[in-house]
Amino acid sequence: MSSTSAARSPLTSFWHDLPREGKLLISTVVFQSIGTGLVLPFMVVYLHEVRGIPLETVGLLLALQAGVGIVLVAPAGALIDRIGPRRVYASSLVALLLADIVLALATTTGQAALALVLMGYGFGIVWPASSALIGNLIPTEQRQRYFGINFTLLNLGIGIGGIVGGRFVDVSRPGTFVTVYLLDALSYVPALVILLGPLRRARDRVARPADEATGSVSYVALLRDPRLRALLLLVGVAALVSYPQLNAGMPAFARALGQVSTEGLGYAFAANTVVIVLLQLVVLQRIEGRRRTRVAVVMAFTWMVAWSLLGATALVPGTVAATVLLCACAGVFGLGETMLQPTSAAMVNDLAPDHLRGRYNALSSLMFSIAFVVGPVVASFLIGRGLGPVYIGFLVGGCALLAVISLVVERRLPPHVNGVREVEQAPTASPATAGGAISG
């Protein structure tokens, strides 16, 4: 164990050890996510209060965006494997850039619908395409760190953008919204330039086995693999009790039962971002070389504490204590997020054969897309019917189920997929050598 620890590169060497392509790819994350943060909190406000689109119609437009992403993610996974993730990733950025421009200038429901269809395409395929490209460019031993640091930079940028956008946009001045959407469009340009320029000759399309026609590999065939089914079950349950609840369920519960002010909600989301930015590197150091499924168990119990803190806000409604409890909930949840991002994406990409990485990442992305449809529906139904305690019970029970599933999945995954690198070398040792190692 000591030799393994000694051989492990410290996080301070992350940038030095990254291949050139990885450095180029990660260098645009903060800039791009600042643009996302500028507009992320204000979509409903912009469409309803600035452009005068009825609130019910806005809800349908947002559902349209989610639906487009769900429909396209599976074909996108196959396309990624066929032509390579770089081109598909670039097409998603072009779609998001155009969507921002159309949305900035939209004055009718039809124009807004066009923008959200483009966004559905962009956001629907950007995750599997970018994850597959990372899997192709970043060596196995660096992927966990890369995904974790990428997530930290993403949250840092969104946090900066959210603060700037919140201070800049003004409903009484529609031009401020036009400005932030155009700035968001501009934020995609550096990544596009890198994808189409310096990375155009990077390792993208992976050689297929001579005895396998990639075009004939169906998702049904992939799902016959019990390891993949188990991993997708873990990802799906984790998705259901995580981001949809943070974005929709937590604010709804805090407002309806905790009677927390909108300002208090802002503090809670700020606490979430601060925890991720401050602790992600620390967590990466702690989980390196450990079983990723065991990390998922710790993550599940961490989220169990977070949702219990959310439930406690209903015990002291409308008080400072409720706001403090909500901030604690979001912060503790953020600690769990620092464990999710490095492990889940790394497991998917370590399990995936190189020539099928697009399909594997598409299936993982689909789990999150479905959760973003189902999660808010469950939250709004239970909270809207005054069943707040049942909602908290659903979340806590879901986290307990996630912990159990993680331990079951552990028995199905190969050691290297579960983050145990040293086990890979065991079969190469002779029996005598192995015996000596054990006795020593």
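Arg227 is partly exposed, at 32% relative accessibility. In this predicted model, the side chain of Arg227 forms a salt bridge with that of Asp225, at 3.0 Å from N to O. Asp225 has a relative accessible area of 16% and is therefore buried, the limit being 20%.

Across the whole structure, 9 salt bridges were found. One of them connects Arg145 and Glu288, with an N to O distance of 2.9 Å. This bridge links distant parts of the chain, as the partners stand 143 residues apart. Arg145 sits in helix H9, which covers residues 140-168. Glu288 occupies the loop between helix H15 (262-287) and helix H16 (292-312). Both partners lie under the 20% limit for burial. Arg145 is buried at 4% relative accessibility. Glu288 is buried at 13%.

A further salt bridge pairs the side chains of Arg294 and Glu410, at 2.7 Å from N to O. Arg294 lies in helix H16 and Glu410 in helix H19 (residues 388-410), so the bridge ties together parts 116 residues apart in sequence. Arg294 is partly exposed, with 42% relative accessibility. Glu410, at 17%, counts as buried. Salt bridges also link Arg143, Arg292 and Asp350 in a network.

The fold around these pairs is helical. The secondary structure of the chain consists of 20 helices and 0 strands. The chain has 440 residues, and 51% of them count as buried. Among contacts with a separation of 6 or more, 84% are between residues 24 or more positions apart.

The surface was examined next. The accessible surface of the chain is about 19000 Å². Carbon and sulfur atoms account for 68% of that area. A nonpolar patch on the surface is formed by Val94, Leu98, Ile101, Leu105 and Leu182. Together these residues have about 400 Å² of accessible area. Helix H7 (residues 85-105) makes the greatest contribution to the patch, with 4 residues. Val94 is placed in helix H7. At 37% relative accessibility, Val94 is partly exposed.

Definitions and conventions. Residues are numbered from 1 along each chain as its sequence is written. This is a predicted model: local features need pLDDT of at least 70, side-chain atom pairs count only at pLDDT 80 or more; totals for chains, interfaces and linings use all residues. Side-chain values use heavy atoms; hydrogens and water are left out. Helices (H or I, at least four residues) and strands (E, at least two) are DSSP runs, numbered from the N terminus. Buried means under 20% relative accessible area, exposed over 50%, partly exposed in between (1.4 Å probe, protein chains only). Contact means heavy atoms within 4.5 Å. Accessible areas come from the Shrake-Rupley method with a 1.4 Å probe; for residues, only the protein chains shown count as cover. Patches are made of residues with over 30% relative accessible area and no salt bridge: like charges are joined within 9 Å, nonpolar side chains (Val, Leu, Ile, Met, Phe, Trp, Tyr) within 5 Å. A salt bridge is a side-chain nitrogen of Lys or Arg within 4 Å of a carboxyl oxygen of Asp or Glu.
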